[in-house]
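Please write a short report on the model below.

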Amino acid sequence: SKRAGSHGCVVHDPSLTDRRADDALLSEDLDHALDRGELHVLYQPIVTLADARPVAAEALLRWQHPTRGPIPPDRFIPIAERSGAIARIGLWVLAEAAAQPFPTSVNISPRQLREPTVVHDILAVLHRTGRDPRDLILEITESASVDGETVIGALRTLRTHGIRIAIDDFGTGYSSLQYLTRLPVDILKIDRSFVAELNGTPGGAAVTEAIIHLARALTLTTVAEGIETPAQAAELQSLGCDKGQGYLYAEPLPAADVARTFVASAAE
Ligand code: C2E
Ligand code: CA
Ligand code: CA
Ligand code: CA
């Protein structure tokens, strides 16, 4: 973050300084974004690979900043995690998702999971919206901060109510294998970086194949992310992957559009 200047003195990297100042500005704006109606949720269908039927949809948060336009979640969610704003925003996403007429898969940040009231808050949303907990999947990413007794206890309780737990971006995070035996889990989401390597060669499929075998042995469901081509879908299906999502099927869409695909699929 620091480098030697031309006269040997140490100067700050301007890009990093700018980034920090910008983070602080965005963090302030984000505090008001929810109340000002700048946040909305899109839904990306998750389909069975065998017949491309939708079974659920992943809730993906969007921020339309009043002067800057759309800010990508990879940019503002880490800021919301640091400020703590993610707790309130995350619960709002959950409430939006639970109000939809199809099963949803909702991303939960590690910070949210460490809130002492997380179990109560999630169950309260389901109660208020009258949703069956079996229609809710919580996606958590592998990280050291969710590998503690309190978080594992919270996940166990949620699971006894019928909520399913998915590990997101599986294989890219922190000590995946050790983690798997400790966490109460139902679904492994195969990260799109592995799906992108599927090119019909055994080498390209190695990691994906290993994850699918592991999931089988532990009786977990597999969902592949970032499927963009029919060839990837076919290869995943022949490897035994259960479900998938990606631009091949649908990009993240407004809820009403996704609801229509569920109705159309049920009528077939
Ligand atoms: P993620 O959970 O891994 O979500 C999948 C990302 O892949 C989404 O990016 C989605 O739009 C994108 N995607 C879907 N299909 C394809 C495809 O075929 N090809 C490619 N290249 N990408 C595809 P998005 O919407 O920008 O979200 C980025 C990340 O932000 C998410 O990654 C998730 O970690 C986080 N995020 C989004 N919404 C929420 C939220 O409500 N709460 C929390 N805690 N995190 C969220
Ligand atoms: Ca996710
Ligand atoms: Ca993911
Ligand atoms: Ca990701």
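## An exposed histidine

H127 is exposed, at a relative accessible area of 71%. Exposed means over 50% relative accessible area, buried means under 20%, and partly exposed lies in between (1.4 Å probe, protein chains only). H127 belongs to helix α5, residues 118–129. Helices (H or I, at least four residues) and strands (E, at least two) are DSSP runs, numbered from the N terminus.

## Basis of the model

This is a predicted model; local features need pLDDT of at least 70, side-chain atom pairs count only at pLDDT 80 or more, and totals for chains, interfaces and linings use all residues. Residues are numbered from 1 along each chain as its sequence is written, chains are lettered from A and ligands numbered from 1 in the order in which they are written, and side-chain values use heavy atoms, with hydrogens and water left out.

## Calcium ion, ligand 2

Four protein donors hold positions 2.1 to 2.3 Å from the calcium ion (ligand 2): E58 (OE), N107 (OD1), E139 (OE) and D168 (OD). Donors are N, O and S atoms within 2.8 Å of the metal (3.2 Å for Na, K and Ca); water is not among the atoms, so sites may look incomplete. Along the chain, the donors of the calcium ion (ligand 2) have the spacing E-x48-N-x31-E-x28-D. E139 is in strand β7 (residues 136–141) and D168 is in strand β8 (residues 164–170), so this pair ties together parts 29 residues apart in sequence.

E139 is buried, with 2% relative accessible area. D168 also counts as buried, at 6% relative accessibility.

D168 bridges the calcium ion (ligand 2) and the calcium ion (ligand 3), which lie 3.8 Å apart. Donor atoms for the calcium ion (ligand 3) come from D168 (OD), D169 (OD), E225 (OE) and E225 (OE), at 2.1 to 2.6 Å. The sequence spacing of its donor residues is D-D-x55-E.

D169 lies in strand β8. D169 is partly exposed, with a relative accessible area of 26%. It coordinates both the calcium ion (ligand 3) and the calcium ion (ligand 4), which are 3.8 Å apart.

Which residues come nearest to ligand 1? Of the 21 residues around it, they are Q44, R62, R192, E228 and Y247. A residue is near a molecule if one of its heavy atoms lies within 4 Å of it. β4 (54–65), α2 (73–83) and β8 each supply at least two residues of the shell. β4 gives the largest share, four residues.

Side-chain polar atoms approach ligand 1 at several points. R62 places one 2.9 Å from an oxygen atom of ligand 1. For R192, an N or O atom of the side chain is 2.7 Å from an oxygen atom of ligand 1. E228 has a polar side-chain atom 2.6 Å from a nitrogen atom of ligand 1. A polar contact is a pair of N or O atoms within 3.5 Å. Taken alone, ligand 1 exposes 800 Å², and the protein buries 84% of that.

Ligand 1 sits in the largest pocket. A pocket is an open set of points on a 1 Å grid over the protein atoms alone, where a 1.4 Å probe fits, with protein on both sides within 12 Å along at least five of seven lines. To sit there, more than half of a molecule's atoms must lie within 2 Å of the grid points.

Technical notes:
Polar contact = N/O pair within 3.5 Å; in protein donor to acceptor, adjacent residues only side chain to side chain. Areas by Shrake-Rupley, 256 points an atom, 1.4 Å probe, with all protein chains shown as cover. 1 Å grid on protein atoms, 1.4 Å probe; cavity = no way out; pocket = protein on both sides within 12 Å on 5 of 7 lines; lining within 4 Å.
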